[in-house]
Amino acid sequence: MSRMMMRALALAVLLLAPAAALAEPSRDPEPAPDAATLLARGDGHRSRGDLDRAIADYDAALRADPTLAEAHHRRGLAWQARGDRRRALADLDAALRLRPDFDGARASRRALVQEIERLGAQMPLQPPARK
């Protein structure tokens, strides 16, 4: 290859490289929402009555930070609104195990227990033993 052709080829590469970079922008994946964002989004779903999506966001918040008592509390409220008192009670208990001084979770648990008593529901605290 002649020297002139090599220069022409090098010049073409230099000129076309920026165009190629512009043609396909890099697509960095969006960062996953943090736990606070997931909690807020879950609250929005719960306030609109979309309990499945609220629970999914609270689940995701707990995957991001399993020690987040507030996520257990809010998911418990969503389970209660959905009518699943057993899961609600389990989540409220988990929130209180993580933060024994959590007055909001304590009040929610007290209200749930009163609801269960009022309805006369029989809920074993432990699942039945498997045979």
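**View 1. Overall arrangement of the protein.** Along the sequence, the protein follows the pattern α-α-α-α-α-α. The model is predicted, so that local features need pLDDT of at least 70 and side-chain atom pairs count only at pLDDT 80 or more, while totals for chains, interfaces and linings use all residues. Residues are numbered from 1 along each chain as its sequence is written, and side-chain values use heavy atoms, with hydrogens and water left out. The protein has 6 helices and 0 strands; helices (H or I, at least four residues) and strands (E, at least two) are DSSP runs, numbered from the N terminus. Of the 131 residues, 29% are buried, a term that denotes under 20% relative accessible area (1.4 Å probe, protein chains only). Among contacts (heavy atoms within 4.5 Å) with a separation of 6 or more, 45% join residues 24 or more positions apart.

**View 2. Helices α2 and α3.** The axes of α2 (residues 35–47) and α3 (residues 51–64) come within 8 Å and cross at roughly 165°; axes are lines fitted to C-alpha atoms, for helices over the stretch in contact, and angles run from 0 to 180 degrees between N-to-C directions. The angle makes α2 roughly antiparallel to α3, a description applied to angles over 145 degrees. From α2, the residues A35, L38, L39, R41, G42, D43, H45 and R46 meet L51, R53, A54, D57, Y58, A60, A61 and A64 of α3. This contact comprises 9 nonpolar, 2 polar and 5 charged residues; Ala, Val, Leu, Ile, Met, Phe, Trp, Tyr, Cys and Pro count as nonpolar, Asp, Glu, Lys and Arg as charged, and the others, Gly among them, as polar.

**View 3. Helix α5 and its covering.** Helix α5 (residues 85–98) contains 14 residues and reaches 20 Å from its first C-alpha to its last, close to the 20 Å expected at 1.5 Å a residue; the expected span is 1.5 Å times one less than the number of residues. Its buried residues are A88, L89, D91, L92, A94, A95 and L96. Helices α4 (69–82) and α6 (103–119) are included in what covers them.

**View 4. Surroundings of W79.** W79 lies in helix α4 and counts as buried because its relative accessibility is 9%. Leaving aside residues up to four places away in sequence, W79 touches I55, D84, R87, A88 and D91. The C-alpha atoms of W79 and I55 are separated by 7.7 Å, although these residues are 24 residues apart along the chain.

**View 5. Surroundings of E115.** E115 belongs to helix α6, and its relative accessibility of 15% means that E115 counts as buried. Not counting residues up to four places away in sequence, E115 touches Q80 and R85.

Note on methods:
Parallel < 35°, antiparallel > 145°, perpendicular 65-115°, else oblique. Buried < 20%, exposed > 50% of the residue type's maximum accessible area, 1.4 Å probe, protein only.
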